[in-house]
Amino acid sequence: MGKKLVEDKSNVLPGDVLAEGDYLSGRGTYKEDGKVKSRVLGVARTDKSKISVIPLTGGYIPKEGDKVVGKVSGIGPSHWWIELDSPYDGYLSLAEGSDEFIDLDETDLSDVYDIGEIIYTEVIKVTSEKDVKLSMQDRICKKLSGGRIVRISPSKVPRLIGKGGSMVEMIKDKTGSRIIIGQNGIVWVSGGEEDLALEAIKTVDKKGHGDGLTEKVEKILNRR
Amino acid sequence: MMDITEIEEQAALDKIKSGKRLDGRDLKKFRDIKVETGVAKKAEGSARVTFGDSKVIVGVKFGVGHPFPDTPDEGILMVNAELGPMASPNFESGPPGKEATELSRVIDRGLRESEALPLEDLCIEEGEEVWKVMVDIHILDHDGNLMDASALGAIAALMEAKIPGYEDGKVLREEKHDFKIRRTPIACTVAKVGDRYIIDPSLVEEEIVDGMVTVTWTEEELCSLQKRGNGGFKKDELIEIFELAREKSDELRKIIE
Amino acid sequence: MSKDKKLLKDGKRIDGRGIGDLREMEAEAGIFKRADGSGYFRMGGTEAVAAVFGPRELHPKHRQKPKRGILQCRYNLTPFSVEDRKRPGPSRRGKEIGKVSEGALSSTVFLEEFPTATIDVYMEVISADAGTRCVALNAASIALADAGVPMRGLISACAAGKIEDTPVLDLKGEEDKDGQVDLPIAMNVDTDEITLLQMDGMTDTEEMDEMLELAIKGCKKVAEKQREALMKTFEDSR
């Protein structure tokens, strides 16, 4: 038997004891001496047997399956290095970088992705040493040209997407902008009312913890 | 941290061409400015200044030392700036680099040339002992235009500074004597972008400007100039910049008066 | 031992505190924009700010550790934080404090989750009236949590000491100068683990027991103040 010590949606700090006994330690928590404790500043989520903490802030550590926005930072003989706003750069091999056959004798890799260019890509493998492999094979992945870039806390990405994409769809709808959200907190905005879209996105980042976020963002979007 | 400035730079440039700024400001408008004095309790004078998200703290300390041989009956002014690793992910630890050195020297010249400080009143014994006025600028958060923020902080800290007592070779810090500033030199940086001028450039904007001039005005006179960064200016442009800086430095002076 | 009692009179100290009282505290989280996390802490006339960057890539590469990240601390006194202006940049004393601060903070951070990376902690003392390393660490701990760095718990610090043969909590400048013992500690108050311990002066085990007891009580009060500051960031993000 376990004992829950915090309410659902409580604000917690690192080290706070969330539960004792048989509770499972979910993400954002750790177990020590039979107690589930928080490891980050965040909001506790409890269900019957498991406790997690949704972080309020924090950096990005690559995870398999994440779609991220990165910047080409280096080109090797048959690969690219991609910066991901993380301590770990991503490795994009020639095979994963393009659907088409690239003849290295004919083509310069910088003609495909050049240094400084922004891409939307997928994390396909992360080793225990944090070697990060990327791929452009998914049809949704592509080079992002022009537009604007804004950085939000990776922990706010789920709020920016919203339930079933509701938040980002609302922003797209009201501004006419195209928006691509990387799990690493890098957001690309292009076309339409870019400034308004950016303001809405920044609001989610700043105020993304409280209730009534949708209404707040809606208010900004309706102000134009 | 991944450098996204290239994209933001293009956006900043497009905005300025359309007469606005990325943060919604007009071209000739400062960000929100805040000046608090008396913020470092051990300093004889201090000020914390914020320009938007840029934040600097300035402390003034008095000490006693040997005068320079060519000015045996005058006090000594020293200005130092630290652009430490705290202020930006791109800064590293170590002695002041070129940017910090330029920062402190431009502010030093503004104070010196305007004769803002009564250095001749700071002689204790001619040729032997004089007061040293040591102004230390510490950059806490770097989002552009550190020059104007630091210069404003320096003069605000000097305005509230009190000079300690001195007896038998000992500085008596519990004594507080008046230290009167004669003028208030104010630095205002004007940047050129195409055929437009902007003031108070943000960090991103500093990267895209076609040149910057830091102009230091007292109430009456222009007392120091520094053309900064790349690019060049024609004479007529400079004249326009001097007048714009004068008008804008008056705005800054009002904040600290 | 001097006969004239200057620092302690009828159980009261020069600033009116009792022997087990801390100075007035103030704390704030999230004070800078460019840093990943930041914090401010004040105890009486001593105040410090701290900024955290990372986890981020560690340079030069040969310093990277394959199985875990590292935490690096820089502790510095601003030139105007002391009576006579201090030369800019960390002194030998500052470097030592940077080193012991790394030891104080590293064990609370889940560094094993960030192989090869670094977490950089920068502490600047704005005003020094004794206890600067403790105040700087308190700001640093707030900054780490504010940066979202995964931690076992907060680290809270304060000093105990001995003045006129009496153990007291949280020395201020004059007490530190004329006192007999200075004992700064830092700890995780949830697990009672002490992660920084230094001591200067002459004492014995019995007295140490007493002073440690005082310091631990002090750290618990510090932790409450840190908690308050961090909880406020939730309100700000509403």
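Two strands are taken to pair if DSSP finds at least two bridges between them, and helices (H or I, at least four residues) and strands (E, at least two) are DSSP runs, numbered from the N terminus. The structure is a predicted model, in which local features need pLDDT of at least 70 and side-chain atom pairs count only at pLDDT 80 or more, whereas totals for chains, interfaces and linings use all residues. Residues are numbered from 1 along each chain as its sequence is written, and chains are lettered from A and ligands numbered from 1 in the order in which they are written.

In chain C, 5 strands form an open sheet of mixed pairing, in the order S3-S4-S5-S7-S6. The edges of this sheet are strand S3 (25-29) and strand S6 (70-77) of chain C, each of which pairs on one side only. On average, and with direction ignored, neighbouring strands of the sheet are turned by 15° against each other; for such values, axes are lines fitted to C-alpha atoms, for helices over the stretch in contact, and angles run from 0 to 180 degrees between N-to-C directions. Within the sheet, S5(C) is joined to strand S7 (residues 117-127) of chain C by 9 bridges in the antiparallel sense, and Ala48(C) has Val125(C) in S7(C) as its bridge partner. Helix H2(C) packs on the sheet, where it touches S3, strand S4 (37-43), S5, S6 and S7 of chain C, and its direction makes about 150° with that of S4(C). Contact between two residues here requires that their C-beta atoms, placed from the backbone, lie within 7 Å.

H2(C) also meets H4(C), the axes of the two helices coming within 10 Å and crossing at roughly 35°. This crossing of H2(C) and H4(C) is right-handed, a crossing being called left-handed if the near helix is turned anticlockwise from the far one by less than a right angle, and right-handed if clockwise. On the side of H2(C) the contact is made by Asn138(C), Ser141(C), Ile142(C), Ala145(C) and Asp146(C), and on the side of H4(C) by Val222(C), Gln226(C), Ala229(C), Leu230(C) and Thr233(C). These residues divide into 5 nonpolar, 4 polar and 1 charged, where Ala, Val, Leu, Ile, Met, Phe, Trp, Tyr, Cys and Pro count as nonpolar, Asp, Glu, Lys and Arg as charged, and the others, Gly among them, as polar.

A helix pair is likewise found in chain B, where the axes of helix H2 (residues 98-113) and helix H3 (residues 146-160) come within 10 Å and cross at roughly 45°. H2(B) and H3(B) are therefore oblique to each other, given that angles under 35 degrees count as roughly parallel, over 145 as roughly antiparallel, 65 to 115 as roughly perpendicular and the rest as oblique. H2(B) passes H3(B) in a right-handed crossing, with Leu103(B), Val106(B), Ile107(B), Gly110(B) and Leu111(B) of H2(B) meeting Leu146(B), Met147(B), Ser150(B), Ala151(B) and Ala154(B) of H3(B). The contact of H2(B) with H3(B) comprises 8 nonpolar and 2 polar residues, and no charged residues.

Chain A contains an open sheet of 4 strands with antiparallel pairing, in the order S1-S3-S6-S5, whose edge strands are strand S1 (3-4) and S5 of chain A, each pairing on one side only. S1(A) is joined by 2 bridges to strand S3 (residues 17-20) of chain A, and Lys3(A) stands opposite Glu20(A) in S3(A). Strands S5 (residues 29-32) and S6 (residues 35-38) of chain A run antiparallel and are joined by 4 bridges, one pair of bridge partners being Glu32(A) and Lys35(A). S5(A) and S6(A) form a hairpin with 2 residues between them, and Asp33(A) in the turn has a positive phi of about 50°.

Chain C is in contact with both of the other chains. Towards chain A, 29 residues of chain C are in contact with 21 residues of chain A; strand S5 (46-57), helix H2 (132-146) and helix H4 (205-236) of chain C each supply at least two residues of this side, and the largest share, 5 residues, comes from H4(C). Towards chain B, 25 residues of chain C are in contact with 31 residues of chain B, and on the side of chain B the largest share, 6 residues, comes from S3(B).
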